[in-house]
Amino acid sequence: MNEYLCHDFKSPRIDTSRRLPSSFRAIPVIFYVALVGSAYVMTMDYFNYKKALKQKVDAQERQALSETQRDSFKNEKADLESEATKAEKVAQWMEGARNIQPIAVKIARAVQAETRITQVALERSEQVPSNIALTIHLNGSKVSMELASIEAALGQLLYRSFSPQQTKNGDVVEYHSTLVRQAD
């Protein structure tokens, strides 16, 4: 290289662009502060994420426990309701079930001495306990009058015959009826 070129490189130059303001010296400092701040935020986010996962697992456990308790309470409530329903049905049945002895006494007193009662059956219906199925086997000459007097005697007890049927087999008349309790 020649000497002229070397001299040219060593000569002082006039800056063509202005120098940066001195406030720009803070840019690297701000960069490192932002880097440290973002590292802090990321670390705190990581710890909060782990804490949130733990809280989520705890909440799921509490939810499962609450659901099992709720299901057990629902089952217990259903059992109590079914028992209450059964008890109510029994109470209704007992309320509807009237004493049968007065019916048998009225039937026996309504029949005359010359007519014989060979069989009396009083059966209570499970579905409707106030209704009683009556079956009577009578033997005698004036059976139709006796049946009318039996129905009149049962009317005094506030029972009426529903769909009465009678069948005659020789001397024996078989009478079937459903006794329905009338309202007081």
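Which residues make the nonpolar surface patch of about 540 Å²? Tyr40, Val41, Met44, Tyr46 and Phe47. Keep in mind that this is a predicted model.

Let me start with one member of that patch, Tyr40. Tyr40 sits in helix 2, which covers residues 26–96. Its relative accessibility is 54%. The cut-off for exposed is over 50%, so Tyr40 counts as exposed.

The largest nonpolar core has 17 residues. Seven names to note here: Ile103, Ile107, Leu134, Ile136, Ile150, Leu154 and Leu179 touch the most other members. Which elements give two or more residues to this core? Helix 3 (101–110), strand 2 (132–139), helix 4 (143–156) and strand 4 (172–181). Helix 4 gives the most, with five residues.

Take Ile136 from that core. Set aside neighbours within four places in sequence. Ile136 is then in contact with Ile107, Ile117, Gln119, Ile150, Val173, Glu174 and Tyr175. Two of those names, Ile107 and Ile150, were also on the list of residues touching the most other core members.

Next, His137. This residue is found in strand 2. Buried or exposed, at 17% relative accessibility? His137 is buried, because buried means under 20%. Again leaving out neighbours within four places, His137 is in contact with Arg116, Ile117, Thr118, Gln119, Val172, Val173 and Glu174.

To recap: Tyr40 is exposed and belongs to the nonpolar surface patch. His137 is buried. Ile136 is one of the core residues that touch the most other members.

Conventions: Residues are numbered from 1 along each chain as its sequence is written. This is a predicted model: local features need pLDDT of at least 70, side-chain atom pairs count only at pLDDT 80 or more; totals for chains, interfaces and linings use all residues. Side-chain values use heavy atoms; hydrogens and water are left out. Patches are made of residues with over 30% relative accessible area and no salt bridge: like charges are joined within 9 Å, nonpolar side chains (Val, Leu, Ile, Met, Phe, Trp, Tyr) within 5 Å. Accessible areas come from the Shrake-Rupley method with a 1.4 Å probe; for residues, only the protein chains shown count as cover. A salt bridge is a side-chain nitrogen of Lys or Arg within 4 Å of a carboxyl oxygen of Asp or Glu. Helices (H or I, at least four residues) and strands (E, at least two) are DSSP runs, numbered from the N terminus. Buried means under 20% relative accessible area, exposed over 50%, partly exposed in between (1.4 Å probe, protein chains only). A nonpolar core is a set of buried Ala, Val, Leu, Ile, Met, Phe, Trp, Tyr and Cys residues joined through side-chain atoms within 4.5 Å. Contact means heavy atoms within 4.5 Å.
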